[in-house]
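Trainee: Could you walk me through this model?
Mentor: Gladly; have a look at it, and then ask away.

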Amino acid sequence: MTKERLYLYDTTLRDGQQTQGVQFSTEEKIQIAEALDALGVDFIEGGWPGANPTDSAFFDTRPQTRATFTAFGMTKRAGMSAENDDVLAAVLNAGTPAVCLVGKTHDFHVERALGISLDENLENISKSIAHLVGQSREALFDAEHFFDGYKANPAYALRCLHAAAEAGARWIVLCDTNGGTLPAEIGRIVGEVIASGLPGDQLGIHTHNDTQNAVAGSLAAIDAGARQVQGTLNGLGERCGNANLVALIPTLLLKEPYASRFETGVTREALAGLTRTSRLLDDILNRVPSRQSAYVGAGAFAHKAGLHASAILKDPSTYEHIDPAAVGNARIVPMSNQAGQSNLRKRLGDMGLKVERGNPALTRILDLIKARETEGYSYDTAQASFELLARRELGLLPQFFEVKRYRVTIERRKNKRNEMVSISEAVVVVTINGEKTLSVSESFDERGSDRGPVNALAQALAKDLGPYQSVIDGMRLVDFKVRITQGGTEAVTRVIIDSEDEHGRRWSTVGVSPNLVDASFEALLDAINWKLLRDLAPAESAALIDA
Ligand SMILES: CC(=O)SCCNC(=O)CCNC(=O)[C@H](O)C(C)(C)COP(=O)(O)OP(=O)(O)OC[C@H]1O[C@@H](n2cnc3c(N)ncnc32)[C@H](O)[C@@H]1OP(=O)(O)O
Ligand SMILES: CC(=O)C(=O)O
């Protein structure tokens with residue numbers, strides 16, 4: 001069966017940038033555009049040239065892409081010609097092969113927001129699109145508020161679409177701008193648009209996630225016949241975001257009926273880079289990747305419950321809807337109080353430790369995990385701490401150094417400018433191969449502000465580890481989470497630290513104590529020990545333990 005072409009249109013750099021708190025630099029836009037091109041989307045909407053200096057600079061320096069580069073703008077304003085509209089001119093001056101113009105299709109918005117007549121709006125649409133076509137650009141019309149407009153005044157909303165089509169628009173994109181239309185209604189309305197004479201291969205869908213249905217709404221539109229789908233990486237976008245291409249793309253490539261029916265520009269090889277692309281965006285945004293993201297989240301293939309892990313070991317398809325490698329993700333079988341021997345043996349196996357069923361160490365480790373989780377530890381998110389705990393029980397954890405004591409002080413005093421400031425100072429004493437070292441550190445950022453006692457402690461601990469110093473120099477702390485939790489009968493503090501190294505490896509460690517500094521120190525210590533274990537003890541990392 002010949003497959004139909006389905007076009008993917010990315011608007012991370014335009015609608016994604018409309019997310020509160022997101023402001024890409026030109027360099028970041030270039031990096032994202034290159035990643036999108038490698039992924040295989042068909043269109044990259046780069047922003048609105050002329051709307052702000054960054055977008056204008058980006059279009060001046062944009063990378064060469066296989067994807068069709070698209071500039072975004074709005075239809076001409078009433079009372080002037082398309083040729084004389086300076087906002088439209090700036091969009092065209094970006095020189096992109098495609099241009100997408102947003103225009104009103106809801107009568108209420110025409111009269112209330114634009115304050116013009118319904119006929120003037122129709123003329124604005126058709127004259128603007130004709131102007132793009134006259135300039136030999138591939139013209140796209142984003143039909144703003146289309147679904148709400150269609151429900152209020154179907155005849156007028158359809159006239160807007162047909163005006164754009166007759167003026168030469170290659171694509172008419174039906175936008176659920178306010179994000180409130182549910183999938184079944186989207187499907188029905190797309191069907192009615194096609195019945196009005198606009199073919200599905202001229203229709204696109206642009207949804208927002210205000211009811212958490214943006215992906216479902218996009219699929220409903222495709223089911224009804226639309227052949228272009230718009231979205232963003234990680235679902236970035238105005239308010240609650242746009243349809244998440246990172247969820248849509250694997251669905252279209254791996255799930256039926258889409259996989260057999262459609263061809264997109266994304267190859268299976270590129271799909272295997274999807275997790276990396278999603279994390280690249282989080283990295284640029286300085287966000288911690290959501291563990292629960294469909295397909296690409298760190299938890300998307302995490303099998304926590306003992307019953308699941310037992311079956312996964314026999315056949316991964318028992319609890320997995322796809323092979324995680326297809327999207328560049330990985331299976332994990334975390335340890336926690338929900339685990340049985342199967343989880344444990346699988347996790348130990350991943351660490352290179354083959355422990356036979358029935359080995360008494362398995363029961364000891366399981367009991368220890370369950371007891372410590374009752375105290376407030378959480379090992380399913382802190383797998384590096386779990387590994388250290390298991391190795392310690394198996395007698396397979398080298399002691400790189402020993403902490404003899406540490407102290408943290410916080411002083412509040414006046415500085416030279418007579419301002420009250422805090423100064424945190426930490427002292428850590430460790431012995432390495434019988435030799436004692438003492439490190440002292442004060443904690444400041446580049447502006448001289450105190451970064452707190454935990455930071456001072458981290459700096460002191462990592463300041464002088466003698467022969468191990470070069471191994472830990474490339475480590476950095478990327479996230480620090482504190483929770484007050486119930487440990488036994490008392491409230492305790494749980495600290496989870498995420499660390500990263502020069503090889504791009506990430507690992508999480510946990511510490512628990514009624515005292516925040518002690519909990520942080522424990523997690524910090526685990527983070528350093530795990531790094532030393534990985535880099536210095538690969539031989540000890542793999543071992544065979546018999547019953
Ligand atoms: C649904 C969407 O997400 S569409 C994308 C929206 N994106 C953005 O708005 C981000 C970029 N926008 C901007 O930087 C600015 O809004 C600009 C540069 C485009 C315009 O700035 P300003 O000229 O100061 O206008 P302002 O933002 O206050 O208002 C928009 C104007 O465009 C008009 N307008 C809105 N949509 C359209 C349209 N489709 N066609 C013609 N005019 C329109 C509005 O009526 C308003 O004009 P008015 O003030 O005379 O009533
Ligand atoms: C054009 C657009 O972003 C919208 O209508 O949501």
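Mentor: A term to begin with: a crossing counts as left-handed if the near helix is turned anticlockwise from the far one by less than a right angle, and as right-handed if clockwise. This is a predicted model, in which local features need pLDDT of at least 70 and side-chain atom pairs count only at pLDDT 80 or more, while totals for chains, interfaces and linings use all residues. Residues are numbered from 1 along each chain as its sequence is written, and chains are lettered from A and ligands numbered from 1 in the order in which they are written.

Trainee: What is the handedness with which H8 passes H9?
Mentor: Helices here are DSSP runs of H or I with at least four residues, strands are runs of E with at least two, and both are numbered from the N terminus. The axes of H8 (residues 183-195) and H9 (residues 214-224) come within 8 Å and cross at roughly 30°; axes are lines fitted to C-alpha atoms, for helices over the stretch in contact, with angles from 0 to 180 degrees between N-to-C directions. The crossing in which H8 passes H9 is right-handed.

Trainee: Are H8 and H9 roughly parallel or roughly antiparallel to each other?
Mentor: Angles under 35 degrees count as roughly parallel, over 145 as roughly antiparallel, 65 to 115 as roughly perpendicular and the rest as oblique. With a crossing angle of roughly 30°, H8 and H9 are therefore roughly parallel.

Trainee: How are H1 and H2 oriented to each other?
Mentor: H1 (residues 26-39) packs on H2 (residues 53-61) with axes 9 Å apart and an angle of about 50°. Their crossing is right-handed. Given that angle, H1 and H2 are therefore oblique.

Trainee: Which element supplies the largest share of the shell around ligand 1?
Mentor: A residue is near a molecule if its C-beta atom, placed from the backbone, lies within 6 Å of it. By that rule 16 residues surround ligand 1, and Val 102 and Gly 103 are among the closest. Strand E5 (98-104) and helix H4 (107-114) each supply at least two shell residues, and the largest share, three residues, comes from E5.

Trainee: How many charged residues are in the shell around ligand 2?
Mentor: Asp, Glu, Lys and Arg count as charged; Ala, Val, Leu, Ile, Met, Phe, Trp, Tyr, Cys and Pro as nonpolar; the others, Gly among them, as polar. The residues around ligand 2 include Asp 15, Asp 142 and Glu 144, along with His 206 and His 208. By class, two are nonpolar, three polar and, to your question, three charged.
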